[in-house]
Amino acid sequence: MVAYLQKPEGSEAFHQIVDFLNASHIKYALIENPKIYISLIQQFWGTTTARTTDDGEVEITASIDGQVKTITEASLRRHLKLEDSDGITSLPNTEIFEQLALMGYVSDSARLTFQKGHFSPQWRFFIHTILHCLSPKTTAWEQFSSNIATAIICLATNRTFNFSKMIFDAMRLLQPHTRTYPTPTLNKNLFSNMKRVSKGYSGVDFPLFPTMITTPESSPSRITSSPSLSPQTYQSPQSSPLRDITRQEAEIPQSQFPT
């Protein structure tokens, strides 16, 4: 899904986490929302295969309108502008439990499956956004495993997590019946949903880490428009003046697909 990082009326309790995500290096991957045709995605998953090259790199190949397209971890990283090739992929279990406890997570279980509802609202919003916008999960949205916990901890403690590897590894392992298609943008109703008291939540509002608090200079004070790609200029054959339109407004050829 496309992240909702605006500040509508009534969202004051979430301004700190919204500012943090707006200032983070993953913002582009969270909010960019180009028009992608369902038919292209169906063609991609209908023809996709994975192979390992002679140099050990894994490639996903597919045929789009008769043209072979190749996706690699590096190309995914480039298109999402994540710059995480040297990022962390895992943390010791002891550190995961210690850091989640500092976020207010309370549980007697030693399992590496964590409940989103056990966190206070700002942390819950943070986790919810990562789960729906950058994780490979397809079910059980109220819980998450150690890979997402590691991602959350790395972001909160100013370390780089390797999202590209997590996403790419999940892509090559997905089975046909679990492959999904684009879903809507998260919206302002998310804030009221996050305020609801969930089973397992202690009721104590744990603050964000000091490393997550941004200054007005490093984060936009308010976003007033929906996220979109930078405007691009197209020549209209019917009229001579150029007009600026966003890529979302433009008709993208069926053969256009990122590689």
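Reply: Let us begin with the backbone. Just after α7, asparagine 158 takes a positive phi of about 65°. Please bear in mind throughout that this is a predicted model.

Me: Why does a positive phi deserve a remark in asparagine 158?

Reply: Most residues other than glycine have a negative phi. Asparagine 158 has a positive value although it is not a glycine. Aspartate 65 is a further case, with a positive phi near 50°.

Me: Where in the chain are asparagine 158 and aspartate 65 found?

Reply: Both sit in loops. Asparagine 158 belongs to the loop between α7 and α8, while aspartate 65 lies in the loop between β2 (58-64) and β3 (67-72).

Me: Is asparagine 158 buried or exposed?

Reply: The general idea is to compare the relative accessible area with two cut-offs: a residue under 20% is buried, one over 50% is exposed, and one in between is partly exposed. Asparagine 158 has 66% relative accessibility, so it counts as exposed. Aspartate 65 has a relative accessible area of 36% and is therefore partly exposed.

Me: What does the protein chain look like as a whole, in secondary structure and in its share of buried residues?

Reply: The protein chain has nine helices and seven strands. Of its 259 residues, 42% are buried. The accessible surface comes to about 14100 Å², and 51% of that belongs to carbon and sulfur atoms.

Me: Where is leucine 208 found, and which residues does it touch?

Reply: Leucine 208 is in the loop between α9 (189-195) and β6 (232-234). Not counting residues up to four places away in sequence, it touches Gln16, Ile17, Gln122, Trp123 and Ile213. Its relative accessibility is 7%, so leucine 208 counts as buried.

Me: Which residues does alanine 151 touch?

Reply: Alanine 151 lies in α7. Leaving out residues up to four places away in sequence, it touches Phe161 and Phe163. Alanine 151 has a relative accessible area of 0%, so it is buried. Between alanine 151 and serine 90, which are 61 residues apart in sequence, the C-alpha distance is 8.5 Å.

Me: Why is α1 described as largely enclosed?

Reply: Because seven of its nine residues are buried, α1 is largely enclosed by the rest of the structure. The buried residues include Ile17, Val18, Phe20 and Leu21.

Me: Which residues line the second largest pocket?

Reply: To read a pocket, one takes its space, its lining and the elements behind the lining. This pocket holds about 160 Å³ of space. Its lining is made of Phe20, Ala23, Ser24, His25, Cys154, Leu155, Asn158, Arg159, Thr160 and Thr211. By class, four of these are nonpolar, five polar and one charged. Both α1 (15-23) and α7 (146-156) supply at least two residues of the lining.

Me: What can be said of serine 75 and leucine 80?

Reply: Serine 75 has 5% relative accessibility and so counts as buried; its side chain reaches the backbone nitrogen of threonine 72 at 2.9 Å. Leucine 80, with a relative accessible area of 25%, is partly exposed. Apart from neighbours within four places in sequence, leucine 80 is in contact with Tyr28, Ala29 and Ile167. The C-alpha atoms of leucine 80 and tyrosine 28 are 6.7 Å apart in space, and the two residues are 52 apart in sequence.

Key:
Residues numbered from 1 in each chain as written. Predicted model: local features only at pLDDT ≥ 70, side-chain atom pairs only at ≥ 80, totals over all residues. Heavy atoms only, no water. Helix = DSSP H or I, 4+ residues; strand = E, 2+ residues; numbered from the N terminus. Buried < 20%, exposed > 50% of the residue type's maximum accessible area, 1.4 Å probe, protein only. Areas by Shrake-Rupley, 256 points an atom, 1.4 Å probe, with all protein chains shown as cover. Polar contact = N/O pair within 3.5 Å; in protein donor to acceptor, adjacent residues only side chain to side chain. 1 Å grid on protein atoms, 1.4 Å probe; cavity = no way out; pocket = protein on both sides within 12 Å on 5 of 7 lines; lining within 4 Å. Points joined across faces, edges and corners; volume = space filled by probe spheres on them. Nonpolar A, V, L, I, M, F, W, Y, C, P; charged D, E, K, R; others polar. Contact = heavy atoms within 4.5 Å.
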